[in-house]
Amino acid sequence: MTLADDGYGETLRYRLLSSTAWFFLVFALVWNTGISVFFIHLIPLQELAPLLFMIPFVAMGVGMAVAALVQLFGHVEVRCRDEGLELFTGIGTVGRTRRIRFDEIAKVAVRPSDISSNNRRLDGVGIELASGKTLWLLRGAKPERQEYVVNFLRTLVARAKH
């Protein structure tokens, strides 16, 4: 986890690497290998119905491969700008950016998330918006890291609102 000032505001950056990345990678390799073998046997038939039937299976394989890549090589950046926060999730410069104005943020806290592991809900940094929606960061991370991010975000929100 790194904290830097890029001249426009502070930026907190951390990697997404987790143990589930290896599961997604192995699953994607096995799944896509099986689909490829099946697909190769369908191509000579030149029939449309079996090829259309394969679309959801190919889409799932692509989705699993993307999930594995994002978890292995992805990162999250929380950027503080004058008007609010920018939450970027992706690989390099390719990804998704969500913008949140400071006046939309109702509460920032560590609390149980909606994801569970071994029948136990994982704690995460929840950014509760005035609309009732919650954005999650660092689910399942070490409590020290979560508290650091919560304190960082609370400081930014308090500074912006005053």
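This is a predicted model: local features need pLDDT of at least 70, side-chain atom pairs count only at pLDDT 80 or more; totals for chains, interfaces and linings use all residues.
Residues are numbered from 1 along each chain as its sequence is written, and side-chain values use heavy atoms, without hydrogens or water. Local features need pLDDT of at least 70 and side-chain atom pairs pLDDT 80 or more, whereas totals for chains, interfaces and linings use all residues.

Helix α1 (residues 20–42) packs against helix α2 (residues 48–73) at an angle of about 155°, the axes lying 8 Å apart, which makes α1 roughly antiparallel to α2 (a term for angles over 145 degrees). Helices here are DSSP runs of H or I with at least four residues, and strands are runs of E with at least two.

The structure contains nine salt bridges, each defined by a side-chain nitrogen of Lys or Arg within 4 Å of a carboxyl oxygen of Asp or Glu. In one of them, Glu-10 meets Arg-159 at 3.5 Å, N to O; this pair joins strand β2 (residues 10–15), which holds Glu-10, to helix α3 (residues 143–161), which holds Arg-159, across 149 residues of the chain. Another joins Arg-79 to Glu-77 at 2.7 Å, N to O, and both Arg-79 and Glu-77 are buried (buried means under 20% relative accessible area, exposed over 50%, and partly exposed in between, with a 1.4 Å probe and protein chains only). Arg-79 and Glu-77 also belong to a network of salt bridges that includes Arg-13, Glu-86 and Arg-99.

Arg-101 forms a salt bridge with Asp-103, with the closest N and O atoms 3.2 Å apart. Because its relative accessible area is 45%, Arg-101 is partly exposed, whereas Asp-103, at 53%, is exposed.

Methods. Axes are lines fitted to C-alpha atoms, for helices over the stretch in contact, and angles run from 0 to 180 degrees between N-to-C directions. Angles under 35 degrees count as roughly parallel, over 145 as roughly antiparallel, 65 to 115 as roughly perpendicular and the rest as oblique.
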